[in-house]
Amino acid sequence: MSTTNTSGRRKTAVARIYLAAGSGNITVNGKDYTVYFPTLPLQYIATQSLNVAESLANFDVKVNVQGGGVKGQAEAVRLAIAKALVELDPEVKPALRAKGLMTRDDRMVERKKPGRRKARRRFQFSKR
């Protein structure tokens, strides 16, 4: 089996993954995923697609991820792995879609507007 590469995005994070048959090693930017994603919820998010497809120990995943924060990066990795698994085996797509792992979450940070402190927050009003 050759290597399958796909990408996933979340907020401003972009993950490019290379999925190949192997023993379950996941490397993110040259580090083990448990080191790169130090908390258990982030590790769960990053491996969720493999767990749903029940193929955690069947593939080696090499990930390049950049931009955003660690939560967005973990969710970008999850989407990229899900897309790669479907590319290899279309039978797993209904299970992944049922868990909502095949849909890109397109919510982005709203831009700051002029005359406001943030996107919608106004400056404090002082009646003097």
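The model is a predicted one, and its largest nonpolar core has 31 residues. The structure also holds six salt bridges, and Arg10, Lys71, Glu75, Asp105 and Arg107 are linked in a network of such bridges.

**The nonpolar core**

- In soluble globular proteins, nonpolar side chains tend to be buried together.
- In the largest nonpolar core of this model, the residues with the most contacts inside the core are Ile17, Val28, Phe37, Val61, Val63, Leu85 and Leu96.
- At least two residues of this core come from each of β2 (13–21), β3 (26–28), α1 (33–36), α2, β5 (59–66) and α3 (70–88), and α3 gives the most, with nine residues.
- Isoleucine 17, one of the residues with the most contacts inside the core, touches Thr4, Asn5, Thr6, Val61, Lys62, Val63, Ala80, Ile81 and Ala84 when residues up to four places away in sequence are not counted.

**Helix α2**

- Helix α2 has 13 residues and reaches 17 Å from its first C-alpha to its last, which is close to the 18 Å expected at 1.5 Å a residue.
- A bend of about 45° is found in α2 at alanine 46, and alanine 46 is also among the buried residues of this helix.
- The buried residues of α2 are Leu42, Gln43, Ile45, Ala46, Thr47, Gln48, Ser49 and Leu50, and what covers them includes β3, α1, β5, α3 and α4 (93–98).
- Just after α2, glutamate 54 takes a positive phi of about 55°.

**Serine 49, in helix α2**

- Serine 49 is found in helix α2, which runs over residues 40–52, and serine 49 counts as buried because its relative accessibility is 0%.
- Leaving aside neighbours within four places in sequence, serine 49 is in contact with Arg78, Ile81, Ala82, Leu85, Leu96 and Leu101.
- A polar atom of the side chain of serine 49 lies 2.8 Å from the backbone oxygen of arginine 78.
- Proline 114 is 65 residues from serine 49 in sequence, and the two are 41 Å apart in space, C-alpha to C-alpha.

**Threonine 6, in strand β1**

- Threonine 6 is found in strand β1 (residues 4–10), and threonine 6 counts as buried because its relative accessibility is 12%, below the cut-off of 20%.
- Leaving aside neighbours within four places in sequence, threonine 6 is in contact with Ala15, Arg16, Ile17, Ala80, Lys83, Ala84 and Glu87.
- For the side chain of threonine 6, a polar atom lies 2.7 Å from the backbone oxygen of alanine 80.

**Glutamine 73, in helix α3**

- Glutamine 73 is found in helix α3, and glutamine 73 counts as buried because its relative accessibility is 6%.
- The backbone oxygen of glycine 67 lies 3.0 Å from a polar atom of the glutamine 73 side chain.
- When residues up to four places away in sequence are not counted, glutamine 73 touches Ala13, Tyr36, Phe37, Val65, Gln66, Gly67 and Gly68.

**Salt bridges**

- Lysine 71 forms a salt bridge with glutamate 75, and the closest N and O atoms of this pair are 3.3 Å apart.
- Because lysine 71 and glutamate 75 are four residues apart in helix α3, about one helical turn separates them.
- An α-helix has 3.6 residues a turn, so residues three or four places apart point the same way.
- Lysine 71 is partly exposed, with a relative accessible area of 45%, whereas glutamate 75 is buried, with a relative accessible area of 13%.
- Arginine 107 forms a salt bridge with aspartate 105, the closest N and O atoms being 2.8 Å apart; arginine 107 counts as exposed at 55% relative accessibility, while aspartate 105 is partly exposed, with a relative accessible area of 24%.
- The side chains of glutamate 110 and arginine 120 meet in a salt bridge, at 3.1 Å from N to O, and these two residues, 10 residues apart, are both in the segment after α4.
- Glutamate 110 counts as partly exposed at 38% relative accessibility, whereas arginine 120 is exposed, with a relative accessible area of 61%.

Key. Residues numbered from 1 in each chain as written. Predicted model: local features only at pLDDT ≥ 70, side-chain atom pairs only at ≥ 80, totals over all residues. Heavy atoms only, no water. Buried < 20%, exposed > 50% of the residue type's maximum accessible area, 1.4 Å probe, protein only. Contact = heavy atoms within 4.5 Å. Polar contact = N/O pair within 3.5 Å; in protein donor to acceptor, adjacent residues only side chain to side chain. Core = buried A, V, L, I, M, F, W, Y, C linked by side-chain atoms within 4.5 Å. Expected span 1.5 Å × (residues − 1). Bend = angle between axes of the 7 residues up to and from the residue. Salt bridge = Lys/Arg side-chain N within 4 Å of Asp/Glu carboxyl O.
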